[in-house]
Amino acid sequence: MDPVSASGQAPVAQRQRGSAPEVFRVFLRLGLTSFGGPVAHLGYFRAEFVERRRWLDEPAFADIVALCQFLPGPASSQVGITLGILRAGLPGAFAAWLGFTTPSALAMILFGYGVAAFGDLSDAAWLHGLKIVAVAVVAQAVWGMARNLCPDRERATIAVGAAILAFAIPSAAGQIGAILRNEGGQPPGAPIAIHLPRPWSVAAALAFFVLLLGLPVLSAAVPSHAIALFDSFYRSGALVFGGGHVVLPLLQAEVVPPGWVTNDAFLAGYGAAQAVPGPLFTFSAYLGTVMAVAPNGWLGGLICLVAIFLPSFLLLIGALPFWESLRRRPAVQSALRGVNAAVVGLLLAALYKPVWTSAIFTPADFAIGIMAFLLLALWAVPPWLVVVLGAVATTVVANLPALAGAF
């Protein structure tokens, strides 16, 4: 029988333990099909792990999302790493990251070598279809989470207020402020059991700060491009809040002015990054591949990839074992009340911008979007299949004038 807490609820991670290979398989499929950027990824995660597999409940998922919003780095990847820890401990964390990251990292490295030389992908019809499907995925996540986490007018008001605040302050500060300023609601749900030794957490937190402060000193003292590269991308992963598109201008400032990467090469990779599933932070693998100075190629890509994601691992390992005990304390609960509703509000704001505004331009786009939502929400079609259907439908619609002319 599963152990239970004093409230009678089984700890989330102890309801059913899994294995690292299982975690890898699930996240590899998500890494191949999760188009649409960080917010859409959270929608895919919720559909897979809350609704379909029931690895955790809605409040626990919202709490994890909220924690990752507080931490610097790629929020969606951090949520995935946390889910891997809950399912299979530290091996599960690495398996989740490897499965979710590998497809897009390989694609970006190959693009860096010129194998995927398709030119400017920004106007590709199939890519536009993927963006439309992302609208449906996020809308389904907002709808489902709102029903479970905002069942009364008080928490619905908190969600709307958080969305308005996120629009008023369009930055990571606005997202964090929307969470911090909301009170009310209910205490956290079932306990989140973290299977990590506390000494490892302390060591990971210390390693995070030692690398953050020590790498710049080491880079200045040792004339090594590899060390300078690792330092630059580690700081980018450690200091950027919001993740995703937020890190791109920061990386441009790191690699273009020193002459490591030309601006044209940077912009070409930026366009390709929009066409791949998985985390946008894998753009770092492309930058390492096209570096003008060795190490470059696949080795440079791996160095940059590891460096930009390493802070997320260290921060999560350092914070998670203490998160459950903290969120159970009355003083902390008073700060966390309403956090679930606020997370729904943040997703609602992101549903409009950037997800909706970057995808829905015409009545045909809207029609494909609502059909994708219907398939996901009411027909329970797997998200990966909806992704394929969305890309095909948009390509067909885009080519209708040519087909009509042929007849």
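The model I am reading is a predicted one.

**Entry: Arg54**

I looked up Arg54 and found it in the loop between helix H2 (38-52) and H3. Its phi is near 55 degrees, which is a positive value in a residue other than glycine. I noted that because most residues other than glycine have a negative phi. Arg54 is exposed, with a relative accessible area of 62%.

**Entry: Ala380**

I then checked Ala380, in the loop between helix H16 (363-377) and helix H17 (383-398). Phi of Ala380 is near 55 degrees, again positive without being a glycine. Is Ala380 buried or exposed? It is exposed, at a relative accessible area of 62%, and the cut-off for that is over 50%.

**Entry: H3 against H4**

Back to H3, which covers residues 58-70, and its packing on H4, residues 75-113. I read an angle of about 130 degrees for the pair, and the axes are 9 Å apart. That angle makes H3 oblique to H4. The crossing of H3 past H4 is right-handed.

Which residues make the contact? From H3 I listed Phe61, Ile64, Val65 and Cys68. From H4 I listed Ala75, Gln78, Val79, Thr82, Leu83 and Leu86. Sorted by class, the contact of H3 with H4 has 8 nonpolar and 2 polar residues, with no charged ones.

**Entry: cysteines**

How many disulfides does a search of the whole structure find? The search gives 0.

My last stop was His225, in helix H9, which spans residues 225-239. Its relative accessible area is 16%, and His225 is therefore buried, as the cut-off is under 20%. What does His225 touch, leaving out residues up to four places away in sequence? I wrote down Trp260, Met291, Val293, Ala294 and Pro295.

The bond from Ala294 to Pro295 is cis, with omega near 5 degrees. I flagged it because most peptide bonds are trans. Pro295 sits in the loop between helix H12 (283-289) and helix H13 (297-327).

Technical notes: Residues numbered from 1 in each chain as written. Predicted model: local features only at pLDDT ≥ 70, side-chain atom pairs only at ≥ 80, totals over all residues. Heavy atoms only, no water. Axes fitted to C-alpha atoms, helices over the stretch in contact; angles between N-to-C directions. Helix = DSSP H or I, 4+ residues; strand = E, 2+ residues; numbered from the N terminus. Parallel < 35°, antiparallel > 145°, perpendicular 65-115°, else oblique. Left-handed = near helix turned anticlockwise from the far one by under 90°. Contact = heavy atoms within 4.5 Å. Nonpolar A, V, L, I, M, F, W, Y, C, P; charged D, E, K, R; others polar. Disulfide = S-S within 2.5 Å. Buried < 20%, exposed > 50% of the residue type's maximum accessible area, 1.4 Å probe, protein only.
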